[in-house]
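Trainee: Could you walk me through reading a few features in a model like this one?
Mentor: Gladly, let's take them in turn.

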Amino acid sequence: MDNNNKITDKMIETEVPIGIVHSAAIEPYRVRLFVEDEIIRDAEVTVGVNHRGIERIMEGLPVEKANSLTEKICGICSNSHLWNSCLVAEKGLEIDVPPRAEYIRIIMEELERLHSHMLYLAHGSEVLGHETFAMRLFYIRETAMELLRMIGGNRVQYGASIIGGVRPRCDLNEMRIKKINEGMDYIEEKIAEFADRFMRDPMVMSRISGVAAITRKDARRLATTGPTLRATGIEVDLRRDMEQYEPFEFDVITQDTGDVKANLLMRIFEIPEAVKIIRQAVKDLPDGKITNRSWEMQDTGIIRSYIEVPRGELYHSYSIEDGRVRSSIVRTPSITNVNTMEFACIGTHITDAQLAIVQCDPCFTCTDRAVQIVDHPLKKNKNRI
């Protein structure tokens with residue numbers, strides 16, 4: 001409208017900021033949406049509000065103490081970080097992990113995948129405005145959380161993995177195996193009921209179908225990882241390449257459309273596959289010890305380890321010098337997927353912006369430990385955090 005209240009053809013570009021905390025995502029990050037006629041033309045996701053510098057704190061710490069610190073990176077993927085950090089040391093020091101410990105680690109990792117995927121689905125339901133679905137998923141998720149507490153002693157940071165195996169308190173007896181099997185029965189039944197109800201809801205399906213779609217070509221170009229990549233139809237899952245998963249049979253789930261619907265269904269259909277792996281692990285749990293302490297500390301070069309965690313590829317690396325950690329680097333899946341989040345927003349209606357971001361399952365608190373190097377031509381000190 002002009003000053004005389006007459007309609008003009010001129011579009012008005014507007015910036016819409018969101019954050020630093022969104023009411024559904026409940027994480028510290030800031031989004032700038034550049035909007036024209038309520039359609040997003042560009043987007044910028046900024047993290048850094050909660051930077052804790054964990055890699056810097058790890059510098060010079062004894063290896064086992066530094067490994068324990070990696071659990072603090074993420075409250076949702078704490079087992080993944082500790083496991084992968086121990087794998088770095090075991091790879092560098094050539095430590096053989098007992099088969100029983102490997103199976104218990106797999107059980108912990110897949111339980112973490114269950115609770116992470118159900119948390120994702122619950123938050124997605126909240127963003128959709130469907131509180132009933134969200135509360136139903138939180139209730140089912142409690143079973144996975146309680147099983148993690150039973151094995152590790154905590155609901156969030158379980159401290160299961162140590163160099164050479166798992167802690168004695170994490171060993172499984174008949175009572176614990178019985179409870180795990182009962183928990184898998186419950187989760188499998190309730191998730192099947194939820195999936196049926198979710199996919200038959202016409203309002204939900206119309207709200208998420210075709211929204212913020214990412215093509216296979218764009219997913220490859222943006223280096224998208226994890227279930228968000230598989231939602232575009234690309235069958236990549238690092239668990240297929242991990243020797244720890246070789247004894248287990250499971251399907252790699254994919255979807256074709258790359259939109260919000262595909263991403264939500266990815267997590268729903270990956271839950272039964274995680275249950276399948278846990279059932280095999282407790283059924284075929286090897287006898288024997290759970291820790292190998294027959295190793296000696298020695299200096300190593302940079303050691304790298306990649307594993308598949310609930311959100312995608314997780315990278316840890318460091319070297320060992322006099323028993324202490326040097327040059328630690330951690331790369332989480334969410335920092336890899338930030339470009340995908342920004343790209344998914346472009347072209348969507350502003351009311352779908354949060355859905356476009358949440359479909360990539362971000363964990364910005366994990367991402368906030370990243371260090372960005374900026375080469376500024378006008379400053380003498382070119383390194384900036």
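Trainee: Is glutamate 308 buried or exposed?
Mentor: Buried means under 20% relative accessible area, exposed over 50%, and partly exposed in between, using a 1.4 Å probe and protein chains only. Glutamate 308 has a relative accessible area of 3%, so it is buried. This is a predicted model, where local features need pLDDT of at least 70 and side-chain atom pairs count only at pLDDT 80 or more, while totals for chains, interfaces and linings use all residues. Residues are numbered from 1 along each chain as its sequence is written, and side-chain values use heavy atoms, leaving out hydrogens and water.

Trainee: What does the side chain of glutamate 308 reach?
Mentor: That side chain reaches the backbone nitrogen of leucine 238 at 3.1 Å. With contact meaning heavy atoms within 4.5 Å, glutamate 308 also touches residues including Arg113, Arg230 and Arg239.

Trainee: How are two packed helices described?
Mentor: By the angle between their axes and the distance between the axes. Here, helix H4 (residues 99-128) and helix H5 (residues 131-152) pack at about 160 degrees, with axes 8 Å apart. Angles under 35 degrees count as roughly parallel, over 145 as roughly antiparallel, 65 to 115 as roughly perpendicular and the rest as oblique. H4 and H5 are therefore roughly antiparallel.

Trainee: And where does asparagine 67 lie?
Mentor: Asparagine 67 lies in helix H2, residues 63-69. Its relative accessibility is 2%, so asparagine 67 counts as buried. Among the residues that asparagine 67 touches are Leu82, Ile163 and Tyr318.

Technical notes: A polar contact is a pair of N or O atoms within 3.5 Å; within protein, one must be able to donate a hydrogen and the other to accept it, and residues adjacent in sequence count only if both atoms are side-chain atoms. Axes are lines fitted to C-alpha atoms, for helices over the stretch in contact, and angles run from 0 to 180 degrees between N-to-C directions. Helices (H or I, at least four residues) and strands (E, at least two) are DSSP runs, numbered from the N terminus. Lists of a residue's contacts leave out its neighbours within four places in sequence.
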